[in-house]
Amino acid sequence: MSEVLPLADNEVHIWSVDTSCVSPELIAGYRALMSAQELERNGRYRFEHSRHTDCVARALVRTVLSRYVDKAPTEWTFAKGEHGKPELTHSPQPLRFNLSHSGDYVVCAVSWQKDVGLDIEYIERKNDVLAIADRFFSKPELTDLFALPSARQEDRFFDYWTLKEAYMKAHGQGISLGLGNFSFKLDDSDAIGVSFADKLEDNPADWCFRLFYPVPKYSMALAFRIGDENPQRFSVRQFSTIPLQG
Ligand SMILES: CC(C)(COP(=O)(O)OP(=O)(O)OC[C@H]1O[C@@H](n2cnc3c(N)ncnc32)[C@H](O)[C@@H]1OP(=O)(O)O)[C@@H](O)C(=O)NCCC(=O)NCCS
């Protein structure tokens with residue numbers, strides 16, 4: 001076995017793949033890593049681009065997980081939680097992961113034990129972001145967004161959107177958490193504030209959030225439930241990879 005990659009308890013690793021750099025030969029290798037169920041699901045995607053992205057996503061998860069635990073990429077098994085969040089089954093150690101894909105990118109966050117959620121979005125200039133925000137964002141988020149000069153509204157929209165998705169994905173309940181039950185607070189500093197409605201029984205102090213702009217035209221947010229650990233010691237490492245290539 002090759003050496004395992006160290007990952008601390010208060011650390012998250014984010015792995016990203018530019019799917020446009022993946023050749024058909026590599027896709028054949030990825031298909032060889034996939035389970036019968038994954039191959040069957042892949043065949044149901046209507047568009048070639050979606051099938052390609054899905055193969056990369058399956059290969060990324062499997063090869064990345066095998067960097068941390070002595071298990072072959074083909075041996076990982078997964079199950080979905082009540083709201084569809086995939087988790088590992090039969091893992092010898094409590095690894096957690098979360099996947100996101102948009103445009104040409106597939107990204108995967110890995111942590112030990114604690115809840116982690118990741119969201120990447122391709123910033124499509126054709127979106128009417130204010131109309132979408134009006135439908136999905138909290139009152140304070142909307143107030144902040146509408147107060148910005150129009151040239152900055154689109155970027156701020158994607159900051160809120162990816163943070164909201166990352167939190168919902170870390171939590172695992174997805175949209176059923178209720179978009180009105182949590183609200184982010186951004187300003188011109190790097191601070192990311194959050195508040196929760198009482199009914200969520202969640203504590204802002206338990207969470208660390210980060211925003212990233214990994215490549216032009218993409219926004220990405222990470223949510224990590226740090227719990228009792230010191231948030232000052234929380235760290236994130238980012239890696240670019242092409243599965244089975246390096
Ligand atoms: C299901 C959901 C995770 C979809 O998110 P998305 O942004 O469309 O897609 P992403 O690419 O970021 O994530 C998809 C991946 O997340 C994982 N996932 C699926 N359900 C999940 C859940 N409940 N929790 C966490 N992760 C989940 C899966 O690995 C999935 O990829 P896969 O199917 O290829 O394995 C969920 O957040 C959702 O329904 N969002 C609705 C969108 C919305 O209204 N957002 C409002 C934001 S203000």
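**Entry 1: strand pairing**

I began with Gly 117 and found that this residue stands opposite Ala 223 in E10. I note at the outset that this is a predicted model, and I read every value below as computed from it. The two strands concerned, E6 and E10, pair in the antiparallel sense over 7 bridges.

I then followed E10 (residues 218-225) to its other pairing and counted 6 bridges that join E9 to E10, again with the strands running antiparallel. Within that pairing I looked up Arg 210, which stands opposite Leu 222 in E10.

**Entry 2**

Putting the pairings together, I have an open sheet of 3 strands in the order E6-E10-E9, with antiparallel pairing. Strand E6 (116-122) and strand E9 (207-212) stand at the edges and have a single partner strand each, so one side of each is left without a neighbour in the sheet.

**Entry 3: aromatic pairs**

I listed the aromatic pairs and recorded 17 of them in the structure. One of these is Phe 78 with Phe 97, an edge-to-face pair at 5.7 Å centre to centre and with 75 degrees between the planes. Phe 78 lies in strand E2 (residues 77-80) and Phe 97 in strand E4 (residues 95-102), so the pair ties together parts that are 19 residues apart in sequence. On checking accessibility, I found that Phe 78 counts as partly exposed at 27% relative accessibility, whereas Phe 97 is buried, with a relative accessible area of 5%.

I then turned to Phe 137 and Tyr 160, whose ring centres are 5.8 Å apart and whose planes stand at 65 degrees; because planes over 60 degrees apart count as edge-to-face, the pair is edge-to-face. This pair links distant parts of the chain, 23 residues apart, with Phe 137 in the loop between helix H4 (129-136) and helix H5 (139-147) and Tyr 160 in helix H6. Both Phe 137 and Tyr 160 are buried. I also noted that these two residues belong to one aromatic cluster, which they form with Phe 136, Phe 157, Phe 158 and Trp 161.

**Entry 4: charges over rings**

I looked up lysines placed over aromatic rings and wrote down two cases. The charged end of Lys 164 sits over the ring of Phe 182, 4.5 Å from the ring centre. Lys 71 lies over the face of Trp 76, and there the distance from the ring centre is 5.4 Å.

**Entry 5: domains**

Finally, I consulted the domain assignment of the protein chain, which gives domain 1 (11-113) and domain 2 (120-229). I took the separation of their C-alpha centres as 25 Å, and found 15 residues of domain 1 in contact with 14 residues of domain 2.

Terms used: Residues are numbered from 1 along each chain as its sequence is written. This is a predicted model: local features need pLDDT of at least 70, side-chain atom pairs count only at pLDDT 80 or more; totals for chains, interfaces and linings use all residues. Side-chain values use heavy atoms; hydrogens and water are left out. Two strands pair if DSSP finds at least two bridges between them. Helices (H or I, at least four residues) and strands (E, at least two) are DSSP runs, numbered from the N terminus. Rings of Phe, Tyr and Trp (its six-membered ring) pair if their centres lie within 6.5 Å; planes under 30 degrees apart count as stacked, over 60 as edge-to-face and the rest as tilted. Buried means under 20% relative accessible area, exposed over 50%, partly exposed in between (1.4 Å probe, protein chains only). A charge sits over a ring if NZ of Lys or CZ of Arg is within 6 Å of the ring centre and within 35 degrees of the ring normal. Domain bounds come from an automatic or database domain assignment. Contact means heavy atoms within 4.5 Å.
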